[in-house]
Amino acid sequence: MTQAAPQTPLLQMRGMTKQYPGCLANDHVNLTIQRGEIHALLGENGAGKSTLVKTIYGIVKPDAGEVTWEGQPITIQNPGHAQRLGIGMVFQHFSLFEALTVAENIALGLGSAKDRAGLRARIVKVSNEYGLPLDPDRVVHDLSVGERQRIEIVRCLLQRPKLLIMDEPTSVLTPAEVQTLFVTLRRLASEGCSILYISHKLEEVRALCSAATIMRLGRNVAEVVPATKTVKELAEIMIAMDLNAPTPRPPMAPGARPRLVLDRLTVRSPHQFGTDLKQVSLTLAGGEILGIAGIAGNGQSELMDALSGEILAGHPANIVIDGTPVGLLGPHERRRLRGCFVPEERNGHGAVTTMTLAENAFLSSYIRNALVRFGVIDSRKTHAFAQDIIQRFDVRTTGPKAQARSLSGGNLQKFLVGREVLQQPSVLVINQPTWGVDAGAALAIHEAIMQLAAQGAAVIIISQDLDEIFVLADRIAVMAGGHLSDPIPTRDATVESIGRLMGGGGAAVHTAPAEPAHA
Amino acid sequence: MLKVEARGSESRFWRYASPVLALLLTGVTTSLIFLAMGRPPATTVYTFLIQPLIQQDGMSALAVKAAPLIIMGVGLSLAYRANVWNIGTDGQFNLGAICGGGIALALPDLPMILLFPAVLLAGLIGGAANGGLVAWLRIRFNANEILTSLMFAYITNYLLIWLVTGPWRDPMGFGFPQTAMFSDSAAGPRLIADTNLHLGIVLAPLVAVGLWFMLEKSLLGFQFRVLGQATRAARFAGFREHRLVWIAMLISGGLAGLAGILEATGTLNQLTTTLSPGYGFTAIIVAFLGRLNPLGCIPAGLLLALTYLGGDAAQIRLGLPNAVTGIFQGILLFYLLGCDFLLLNRITWRAAAARGVP
């Protein structure tokens, strides 16, 4: 198939320009993708990557610019047209119907009844072939983020694409899963399928991609071969400033008193296919950061909800904050004890997207910040607090009156982390602190977490990004099948040893024998 | 050709323009119906919507009709904003009237200063009890409140019919299905003597302003709004969903009960089988036309009150059936919900030539 004209690039875009009201998203951007190439598209949030990609997928109509596909000039009319040309896309935010099964979701994306014949068998076949196992009859509602992504990838693969666009695909995967995905992607590339790979993880881009186009503020800034640059060099081209590693923290005072204690915390998952927490115990001192690694769907969201008080524990003493048993207390009472929480899902969980930033600032802070007087919201103080978050965390927005959904993912995450950090918590729990966040924002969030710990807070970060855990955490524990391993000091841990604990992709299968020895 | 595109975010313009467009379309459609019935549309619309206002006492008649609609529409706005779909306000209206009316009939000789507040309170409690039952069924058995509240509307309606044709029937009433007249102290004060301008006319705007303040400015109102827009975020914040469902049902039910007893004491001065000409259902339209905003319910309630007066006028002057009111209200709700499609979608007209920039 590919022998027709091997020299012609698969896709060539010249001078792509798109003006939005008040923002030139793409300014004469060029992009060339060769056949069978894994091509990285790099840039900060707001650099114009999404607009460019949406143009390729026919969602955005460019104001100017030429597109050639397999040597032919073309105007991509809509996503359906793009799919017929052989362009598939895996979005960062999935478009899945939660109440439907995997197979039903995939069937919805396919056009005719003919396409749907034997679909279940094909899903199983393709997903196994490419190392992305999926049960077609599971309901999406109960799947982890990682599993949901597999649906999106398999949905594309079923259509035998010539170009596969992947937006931040690895942010929800374990190192082992990432390696499996890379094998899948390399295999696709060797079969002649080109891949446009959008990621903030520069190490991965260096390992996987043979070419990279770097964008900044809507323009091309460089075309590089990623392997020839260091991560720091790539990041600096992206954000055009010198990057510093987070400032190292002073060593912890010995004998610091425990601020957060979990004692045999056992919780049933409220979700049909969720993971129950089994006898989770740990002790966390002030000034300490504990990293909890693990594959998506091994009980992390249940742990998060149990810590924040959305799910109550069986016994008050299962969770103790600063000496007070809180196992049976709800989120309000835990916040009064200076517990703060940032859940994984920003949209509709950590934030109400249809409300303003001021209202969202109020949502979890009104107790600690005393924003209610006689039952009435103090809107001036609320506004000022939101403004404070925006300034201190460099949130790019028009102001506290902006709707939360108008912010990019990274900016909203900075806002939500800022909302909790500025309440000076004694215990802070963050699930996926930097999922889908660009390098600059991630650094700001990391700095804030470390600063908070330096001030004496006990911090838990639950993350699937091992690099992040190794950078931030003093000790690392692993969640697998609802069990939490004994935390080990970060200096004694290696990616391999942690990866082994994570279960290498089949954690759910091993849960029974892998009973960790807990007191 | 016509093309529909998703806007991505809600249009502010259409938030307020959509009810206006719906009203215009309703006017056009009803005109066509009048035309089909062989009536000149202009005069008919005039008789239906203008005449009732300019006749003698038109404004006070409008206020009397609008008061219960506004009071109930305000309660529904609050509940609907919290995703609590109380459809049975007509039943809560009736139960309020039954409870308050029962007190009024049992203790007619108490002084007004004691009796009237007791009657109102009983009405409020009756409606709230009905609402609370719906909340309890939803929380305890996960029973859908749309169904249960609607079913209660029929139950209380038949309870009212049974009472006024049975145990509570006025022995002096020549067998008519109605209770004895309430005593003067039960009927409560009048704004102007010898009219039926009752206390509800003052209460309705006060309730609207009060609940608007609660919904937009208070912590409780914030909790309702968060619950309606993102259940998980409400849980994250620590807002207790069950408590909010209880409060929403108690308030919307209680206000409907209050509207019911105000109507019984203020206009009829007795209980009859036809106390509510579907006020509870019309209040649903009031809430939506008012954009689920308690202040918006004031103009919306006035407009829908006008459709009742217009129906009477059309019947008397033009010999049109009273069903005109129901038709008008139904068409209005239809267009209202239809036009809200424009909030999140835009419709563009695309000429064939303008397509394709190569």
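This is a predicted model: local features need pLDDT of at least 70, side-chain atom pairs count only at pLDDT 80 or more; totals for chains, interfaces and linings use all residues.
One of the salt bridges joins the side chains of A:Glu359 and B:Arg225, with a distance of 2.6 Å from N to O. Between chain B and chain A, 8 residue pairs are in polar contact, both residues being at pLDDT 80 or more. On the side of chain B that touches chain A, two or more residues are given by each of helix 8 (200–217), helix 9 (219–229) and helix 10 (231–237) of chain B, and the largest share, 6 residues, comes from helix 9.

The contact involves 28 residues from chain A and 22 residues from chain B, and the two chains bury about 2,200 Å² between them, with 60% of this area on carbon and sulfur atoms. Of the area that chain B buries against chain A, 34% is supplied by B:Phe222, B:Arg232 and B:Phe236, more than by any other three residues. B:Phe236 also has the charged end of A:Arg335 over its ring, 4.9 Å from the centre, while B:Phe222 belongs to a cluster in which ring pairs link it with A:Phe362, A:Tyr366 and B:Phe239.

Over all chains, the count of aromatic pairs comes to 15. Among them, B:Trp85 and B:Phe288 are stacked, at 6.5 Å centre to centre and with 5° between the planes. Because B:Trp85 lies in the loop between helix 3 (58–81) and helix 4 (89–106) of chain B, and B:Phe288 in helix 12 (residues 279–289) of chain B, this pair ties together parts that are 203 residues apart in sequence. B:Trp85 is partly exposed, its relative accessible area being 27%.

Conventions. Residues are numbered from 1 along each chain as its sequence is written. Chains are lettered from A and ligands numbered from 1 in the order in which they are written. Side-chain values use heavy atoms; hydrogens and water are left out. Rings of Phe, Tyr and Trp (its six-membered ring) pair if their centres lie within 6.5 Å; planes under 30 degrees apart count as stacked, over 60 as edge-to-face and the rest as tilted. Helices (H or I, at least four residues) and strands (E, at least two) are DSSP runs, numbered from the N terminus. Buried means under 20% relative accessible area, exposed over 50%, partly exposed in between (1.4 Å probe, protein chains only). A charge sits over a ring if NZ of Lys or CZ of Arg is within 6 Å of the ring centre and within 35 degrees of the ring normal. Contact means heavy atoms within 4.5 Å. Buried area is the accessible area (1.4 Å probe) that two parts lose on being put together, summed over both. A salt bridge is a side-chain nitrogen of Lys or Arg within 4 Å of a carboxyl oxygen of Asp or Glu. A polar contact is a pair of N or O atoms within 3.5 Å; within protein, one must be able to donate a hydrogen and the other to accept it, and residues adjacent in sequence count only if both atoms are side-chain atoms.
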